[in-house]
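Please open the model in your viewer and keep the selection tool at hand. The tour below moves from one selection to the next and says what is to be found at each stop.

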Amino acid sequence: MKVVLFCGGYGMRMRNGDASDVPKPMAMVGPRPLIWHVMRYYAHFGHTEFILCLGYGAHHIKEFFLNYQETVSNDFVLRNGKAELLSTDIADWSISFVQTGLESAIGERLRRVRPYLEGDEMFLANYADVLTDAPLPEMIERFEATDAGASMMVVPPQSSFHCVEMNEDGRIGALTPVSEMPLWENGGYFVLRQEVFDHIPEGGDLVADGCGELAKRGKLLAYPYRGFWKPTDTVKERVQLDDAYAHGDRPWARWEREPSPVVTA
């Protein structure tokens with residue numbers, strides 16, 4: 001199944017004040033950028049056809065893959081001055097690099113790569129900046145068993161703030177962590193059918209327009225997940241992931257601890 005990755009946004013909340021034009025998916029976690037970790041997750045489950053929706057800082061992403069160094073994350077033998085790989089990361093990957101505009105909304109980026117999805121009833125999509133250890137095959141199987149037009153992984157709110165219950169006189173009756181509220185938020189991992197394109201207008205958004213209209217029609221499926229899920233909207237969150245990687249705490253890297261499942265379709 002093909003995987004569409006949205007990696008063309010500015011990522012302003014990730015900036016630390018410099019003038020770098022490096023897009024957020026290229027922020028480093030360990031020796032590799034975020035987008036690589038996301039792609040390795042999908043590849044672990046047998047999904048190795050990627051369509052990258054490029055925009056801001058596209059040349060950084062292109063250069064990374066065009067000059068990819070397998071020896072950074074694979075064992076090898078150095079013989080007669082040449083590296084002989086004992087394993088490989090991306091040798092079996094197919095990656096389409098598609099410029100989808102600097103200012104395009106996510107839905108518009110998806111519309112612009114539709115020709116590369118021709119003939120695919122179902123496909124996967126992701127923001128390319130969120131890591132998880134969610135069981136992808138289960139997510140897909142649940143979706144396949146329905147007539148929904150889209151499935152969205154949803155997760156508990158990640159905020160550390162508290163909700164306040166207040167009386168009319170201003171006295172607070174209770175404080176409840178947002179994370180304990182009966183709420184869910186978009187987790188950024190999608191399984192989609194071609195039907196979603198029917199509800200995304202030119203310049204539109206995938207969630208507000210596409211998923212919003214499907215929800216009204218009862219055709220948007222949720223996949224609730226309470227396991228590991230980590231966004232990288234800020235420098236702080238990216239640093240936390242990088243630090244966890246350095247200490248060997250990387251639950252999203254399922255490929256490091258389990259064999260790849262056999263993909264039959």
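A salt bridge here is a side-chain nitrogen of Lys or Arg within 4 Å of a carboxyl oxygen of Asp or Glu. With that in mind, select Lys24, Asp129 and Asp233, which are linked in a network of salt bridges. This is a predicted model, in which local features need pLDDT of at least 70 and side-chain atom pairs count only at pLDDT 80 or more, while totals for chains, interfaces and linings use all residues. Residues are numbered from 1 along each chain as its sequence is written, and side-chain values use heavy atoms, with hydrogens and water left out.

**Stop one: charged pairs**

Lysine 24 belongs to the loop between β1 and β2 (28-29), and aspartate 233 to the loop between β15 (229-231) and α6 (235-246), so the pair ties together parts that are 209 residues apart in sequence. Helices (H or I, at least four residues) and strands (E, at least two) are DSSP runs, numbered from the N terminus. Lysine 24 is buried, with a relative accessible area of 12%, whereas aspartate 233, at 25%, counts as partly exposed. Buried means under 20% relative accessible area, exposed over 50%, and partly exposed in between (1.4 Å probe, protein chains only).

Next, select arginine 79 and glutamate 84, which form a salt bridge with their closest N and O atoms 2.3 Å apart. Arginine 79 is partly exposed at 43%, and glutamate 84 is partly exposed at 35%. In the whole structure, a search finds 16 salt bridges.

**Stop two: an enclosed strand**

Now select residues 2-7, which make up strand β1; 6 of its 6 residues are buried, so the strand is largely enclosed by the rest of the structure. Lys2, Val4 and Phe6 point one way from β1, while Val3, Leu5 and Cys7 point the other way.

**Stop three: the nonpolar cores**

Which residues have the most contacts inside the largest nonpolar core? They are Leu5, Tyr42, Leu52 and Met153, in a core of 49 residues. Helix α1 (residues 34-44) gives the most to this core, with 8 residues. A nonpolar core is a set of buried Ala, Val, Leu, Ile, Met, Phe, Trp, Tyr and Cys residues joined through side-chain atoms within 4.5 Å. A second, separate core has 21 residues, including Ile51, Cys53, Phe190 and Leu192. Centre the view on leucine 52 and, setting aside residues up to four places away in sequence, look for the residues that it touches, among them Leu5, Ile35, Phe65 and Val98; contact means heavy atoms within 4.5 Å.

**Stop four: a hairpin and its surface patch**

Move to β11 (162-166) and β12 (172-177), each of which supplies at least two residues of a nonpolar patch. The two strands pair in the antiparallel sense over 5 bridges, and glutamate 165 stands opposite alanine 174 in β12. Their hairpin has 5 residues between the strands, where glycine 170 takes a positive phi near 90°.

Is β12 covered or uncovered? It is hardly covered, as the count of buried residues among its 6 residues is 0. Select Val164, Met166, Ile172 and Leu175 to see the patch on the surface, with about 420 Å² of accessible area together. Such patches are made of residues with over 30% relative accessible area and no salt bridge, with like charges joined within 9 Å and nonpolar side chains (Val, Leu, Ile, Met, Phe, Trp, Tyr) within 5 Å; the areas come from the Shrake-Rupley method with a 1.4 Å probe, and for residues only the protein chains shown count as cover. Leucine 175 is exposed at 55%.

Most residues other than glycine have a negative phi. Asparagine 80, however, has a positive phi of about 55°; it is found in the loop between β5 (76-79) and β6 (82-85) and is exposed at 77%. Finally, select alanine 128, which has a positive phi of about 70° and sits in the loop between β8 and β9 (130-132), where alanine 128 is buried at 0%.

Key. Two strands pair if DSSP finds at least two bridges between them.
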